[in-house]
Amino acid sequence: MRMRKDVSDGTPADADRPSRRSTCFTLTSLSVHRLTKEQARRIAVRAQLLDAPRPRKLLPVVQQLTLLQIDPTAAVAPSADLVAWSRLGSAYQPADLQQALERDRTLFEHNALVRPMSDLGLVLAGARTARSHERTANWIRDNDAFRRDILKLLRRSGPLSSRDIPDTCVVPWASTGWTNNRNVTQMLEFLMMRGEVAIAGRLGRERLWDIPARVYPADVVVPSVDEARRVRNERRLASLGIARQKTTAMPIEPVDVGEAGEPAVVEGTKGDWRVDPAALGEDFEGRTALLSPFDRLVYDRARAQELFDFEYTLEMYKPAAKRRWGYFALPILHGDRLVGKVDTVADRKASLLRVNAIHEDVKFTRVMTKSVNAELVDLAAWLGLDTIESS
C-alpha cells in the first residue's frame with residue numbers, strides 16, 4: 001500500500017443521473033446560508049438519491065451514499081438490499097451487490113458496512129497505529145501466537161469462515177454478553193480493524209476471511225489520518241447534504257461532519273448546521289419511497305425530528321404490546337416529507353407481503369395513498385411475493 005497525503009474525495013459527479021438547473025439561495029454578509037426547513041429537507045433528500053428520477057446503477061449509488069449498513073434483520077429484506085431498492089427500484093437485485101463485493105471488487109465490506117473500494121484508503125488510514133482500548137490491546141498482546149496462527153492459516157488456505165479456524169488462544173475473551181469465549185471471531189474482528197485481515201465474501205450470512213492482498217487492490221493509496229478525517233467528513237456531508245458540525249457520537253459511523261462544507265442556519269431549529277455548497281441551488285422533483293429503518297435519511301433520529309418533524313424508533317427490541325408502529329416499520333417518504341410508517345413483513349413461506357398497518361403521521365391525500373400502495377406493490381414484486389395482504 002502506498003502512503004500519500006492528497007487523495008480524491010471519490011464523490012461521483014452526478015451519481016449517474018441527469019443534471020438540473022439551479023435556483024438561488026440567500027447568503028448573509030457573513031456567508032452563512034439561511035435555509036427554510038423545506039430547502040433543508042430537499043437538500044437532504046436529493047443528497048440521498050431519493051428524489052426523481054431514480055439513479056440507474058448500484059456503484060454510483062454507493063459512492064454517493066458512502067456506505068450501506070449490513071444488518072441481519074430480514075423481516076422485509078436485509079437493510080443493505082432495502083436501501084439499494086429504495087434508490088434503484090426493482091432493477092436492483094441482491095446478486096448485484098454480491099457481484100460487486102466478491103467478483104468485481106468495486107465494493108468492500110468492513111465493520112458491518114459496505115463501502116466503495118475507492119474509499120478503502122480512507123478506512124485503512126491509521127489502522128495499524130490506532131490506539132485500541134487497553135483491554136483489547138492487552139488481549140491481542142497476550143494472544144499474539146493465536147494471531148500469528150490465524151494469519152498463517154489464511155495465507156495458506158483462505159478464504160475461510162470463522163468456524164474453519166482453530167481456536168489456539170491462551171487467554172479467552174471474557175464478556176457478560178454473546179461474545180464471551182468467541183475467541184476466533186473476536187480476533188478476526190480486531191485484525192480487520194487493524195487492516196491485517198479482510199472480508200472476502202459471504203456464504204449465506206457467514207463471513208469469509210482472507211488476507212488483504214487477495215481482497216484489496218495492491219495500489220490503494222492510504223492518506224494521513226488527518227487527511228482521511230477531512231475527506232471522510234466531506235464525503236459524509238455530500239451524502240447527507242446538511243448535517244451538524246458536532247453531535248452525539250453514533251455507533252459504527254458518525255453523523256456529524258466537522259468543518260466540512262459551509263455554515264448554515266435552518267429556520268425553526270437551534271444552532272448551526274453545515275451544508276454541502278454543491279447541493280445549493282438545485283431544482284427538486286420528489287417521489288414516494290419506503291425506507292429501511294437504517295436508511296441514512298432517518299438514521300440520525302435527532303436530524304429527522306428537527307428537519308422533517310419525524311419521530312421514529314426501531315421497535316424490534318420492544319415487547320409487541322409496547323410497539324407503536326411495528327417490529328420493523330418502514331418510514332414513508334413522500335416528496336420532501338416523511339409522512340408515516342408501514343408496518344409490514346415478508347411471509348416467504350406463504351409468498352405474501354403482510355401489511356399490518358399504515359401509520360399516517362399526516363392525513364394522506366388520494367395521491368399519497370396511491371403512491372404508497374404502488375410502492376408496496378413494487379416491493380412485493382421485487383421480493384418475489386405473489387400477494388399483498390392488508391389487515
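Author: Start with a definition. Buried means under 20% relative accessible area. Keep that cut-off in hand, and remember that this is a predicted model.

Reader: Which residues of α3 are buried?

Author: Apply the cut-off along the helix. S79, A80, D81, L82, V83, A84, W85, S86, R87 and L88 are buried. That is 10 of the 10 residues of α3, so the helix is largely enclosed by the rest of the structure.

Reader: What covers the buried residues of α3?

Author: Look for the elements in contact with them. The cover includes the helices α2 (58-65), α4 and α12 (366-383). It also includes the strands β4, β13 (288-290) and β14 (330-334).

Reader: Is Y92 buried or exposed?

Author: Use the cut-off again. Y92 has a relative accessible area of 1%, so it is buried.

Reader: Which residues is Y92 in contact with, leaving aside its neighbours within four places in sequence?

Author: Skipping sequence neighbours leaves the contacts made by the fold. For Y92 these are L58, D81, A84, W85, L97 and W382. D81, A84 and W85 are also among the buried residues of α3. For a distance across the model, take Y92 and E196: they are 104 residues apart along the chain, and their C-alpha atoms are separated by 33 Å.

Reader: Now α8. How many of its residues are buried?

Author: Count as before. In α8, 9 of the 11 residues are buried, so this helix too is largely enclosed by the rest of the structure. The buried ones are N183, V184, T185, Q186, M187, L188, F190, L191 and M192.

Reader: What do the buried residues of α8 pack against?

Author: They pack against two helices, α6 (134-142) and α7 (144-157). They also pack against the strands β5, β7 and β8. After α8 comes G195, with a positive phi near 80 degrees.

Reader: Turn to the strands. What is the order of the open sheet of 3 strands?

Author: The order here is β4-β6-β5, and the pairing is antiparallel. β4 (68-69) and β5 are the edge strands, as each pairs on one side only. Between β4 and β6 (residues 113-116) there are 2 bridges. Q69 has L113 of β6 as its bridge partner.

Reader: Which strands pair with β11?

Author: Take direction for each pair separately. β3 (residues 33-35) runs parallel to β11 (residues 262-266), with 3 bridges. E262 stands opposite V275 in β12.

Reader: How many residues lie between β11 and β12 in their hairpin?

Author: The hairpin has 6 residues between its strands, and G268 in the turn has a positive phi of about 80 degrees.

Reader: What else pairs with β14?

Author: β13 joins β14 by 3 bridges, running antiparallel. A289 stands opposite L333 in β14. With β15 (residues 337-347), β14 has 5 bridges in the antiparallel sense. L330 has V342 of β15 as its bridge partner. β14 is mostly covered, with 4 of its 5 residues buried.

Reader: What volume does the largest pocket have?

Author: About 1400 Å³. Then read the lining. It has 40 residues, and I70, E109, R202, R205 and R207 lie nearest the pocket centre. By class, 19 are nonpolar, 10 polar and 11 charged.

Reader: Which element gives the most to that lining?

Author: α4, with 6 residues. Elements that each supply at least two include α3, α8, β5 (107-110), β7 (198-203) and β8 (206-210).

Reader: And the whole protein: what radius of gyration does it have?

Author: Set the value beside the globule estimate. With 391 residues, a compact globule would be near 21 Å; the protein has 22 Å, which agrees. The C-alpha trace spans about 65 × 60 × 40 Å along its principal axes. Buried residues make up 51% of the chain's 391. The protein has 12 helices and 17 strands.

How values were computed: Residues numbered from 1 in each chain as written. Predicted model: local features only at pLDDT ≥ 70, side-chain atom pairs only at ≥ 80, totals over all residues. Heavy atoms only, no water. 1 Å grid on protein atoms, 1.4 Å probe; cavity = no way out; pocket = protein on both sides within 12 Å on 5 of 7 lines; lining within 4 Å. Points joined across faces, edges and corners; volume = space filled by probe spheres on them. Nonpolar A, V, L, I, M, F, W, Y, C, P; charged D, E, K, R; others polar. Pairing = 2+ DSSP bridges. Buried < 20%, exposed > 50% of the residue type's maximum accessible area, 1.4 Å probe, protein only. Contact = heavy atoms within 4.5 Å. Rg over C-alpha atoms; globule rule 2.2 N^0.38 Å.
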